[in-house]
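Subject: A structure for you to look at

Hi,

Here is the structure I promised to pass on. Have a look around first, then read my notes below.

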Amino acid sequence: MTSTLNLHRLKNTTLYNNIFGFEKNVDVTNDTAVLCRKNIVIKNIIFISNLVYTFIFTIVSIGQPSNWFLTILFIPVTLLVNHTLKKMIYKDKDNLLKQQIAMYMCCFYMFLTAILIYTRLKTGPTKDTFGEVGYMLLYYSLVICSFYQDKKMLKTVYLWAFLIITIIHFSLTYNILFGEASIEGEKYFLTFVKSDAFKDILLRTFILLAFMLVLYVSASMSKYMQDERKKELIKRKAIEAEYKDVVTKIFKVTLTPKVRTNEELRELGLVKDIAKKLASLLAKDNNFINDLVSFSDIHINSNFDFNESVKDISLLSKETKMASLVLERIELERKTEEIIRAHLEGSNDKSFTENMKLSITDDKSQILMLADMYVSLRSIRSYKRAYNHKVTMEYLSNVYKEYFNNNIIERFIEFNEDFKNMYDNFMEEEDCES
């Protein structure tokens, strides 16, 4: 039940981000891409707003047959406006000038539509009931314009909005300029200045200016934070590019396949076979064994192309994880040699032993190290001669036992004859090839 609810919430969140997410798949350091995404979101808001306006006209038209014409007309207008804006926004998504034009058109349309609806509601037969509903839409349109967080555009829109709404106050909200009062001259004007209507206009104007100021400050703060974030992202991208370049060079140097002789490659194959055998004796499942087999020679078979991965972040992530495993395998091989040499040369102090034991704790690493140690002890190395099976087992039982979990080393000792036979067969095959 919980997982179903979480899935439902995820779908709802994804749907919301697709329609109203300002940063949906957008590089915020690209001004044109950001503006294009804002235009898309505002276009979606305009479409929904048009549906709301149609609903308002529908409510107002109940019992008023003369209003149904506008209600029906608004439906194709809604579709036409949405189609036009969509075509303008998507046609040149990388053209900053055209996206700016689309921005101004969206704002102009929102404000003009609010004015027309207010005019219709204020002059219609239901003006006393629904007039102020239309007036609220003027504020609604200003809020939508503020979503762009463009101070220059807001200054322009708010200046025109202030002038137009002031005219509306005197000509529509209170019919002073074109009503009967306009012919009575100065006497009526002085009377009007002392009236409640004039006080109401002053209050409306004051609230409008305060509202615009709040929206402008809010948009300015958001724009500032967005600009600072963009600067930070640009710096981070530069650092990431430099980091990727350095890491790429390190990986190339570190993970360049070491040139190995055929004998060394065959020994690595034997280490893999012994490790696989020991894992089976330890009753490990198939997944563990498959991972162990893959890990045993991953530093031999893996190839990397970090130049390509730098261009594709998903490929970089995949190859970085692979490189991490390769480095882990190379480190395990190195530690095996260090442990053997330290004991043979007498440099295995307590600190060395504890550090090695702490760094090799998982079964996969221990099984592979034990197999590698057995093959190394029985083979010739630059720092030692080859030991026979008996001497090798004495070393493993008495000297190197402390590096392994008891169940692993004891199972190896219990079935040591099987591993002896595997090594002897390996040497016979090598003699035959020689």
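A residue counts as buried when its relative accessible area is under 20%. By that rule, both Y374 and Y423 are buried. Please keep in mind as you read that this is a predicted model.

Let's begin with the overall picture. The protein chain has 18 helices and 0 strands. Of its 434 residues, 38% are buried. The chain exposes about 25,500 Å², and 60% of that comes from carbon and sulfur atoms. If you take the contacts with a separation of 6 or more, 70% of them are between residues 24 or more positions apart.

The structure holds 9 aromatic pairs, and Y374 with Y423 is an edge-to-face pair because the ring planes stand at 90°, with the ring centres 6.3 Å apart. Planes over 60 degrees apart count as edge-to-face. Which helices do the two residues lie in? Y374 belongs to helix α15 (residues 363-378) and Y423 to helix α18 (residues 416-433), so their pairing ties together parts that are 49 residues apart in sequence. Ring pairs also join Y374 and Y423 with F412, F419 and F426 in a cluster.

R204 lies over the face of Y135, 4.5 Å from the ring centre. Over the ring of F295 sits the charged end of K364, at 4.4 Å from the centre.

Happy exploring!

Best wishes

Note on methods:
Residues numbered from 1 in each chain as written. Predicted model: local features only at pLDDT ≥ 70, side-chain atom pairs only at ≥ 80, totals over all residues. Heavy atoms only, no water. Phe/Tyr/Trp six-rings, centres within 6.5 Å; stacked < 30°, edge-to-face > 60°. Helix = DSSP H or I, 4+ residues; strand = E, 2+ residues; numbered from the N terminus. Buried < 20%, exposed > 50% of the residue type's maximum accessible area, 1.4 Å probe, protein only. Lys NZ or Arg CZ within 6 Å of the ring centre and 35° of its normal. Contact = heavy atoms within 4.5 Å. Areas by Shrake-Rupley, 256 points an atom, 1.4 Å probe, with all protein chains shown as cover.
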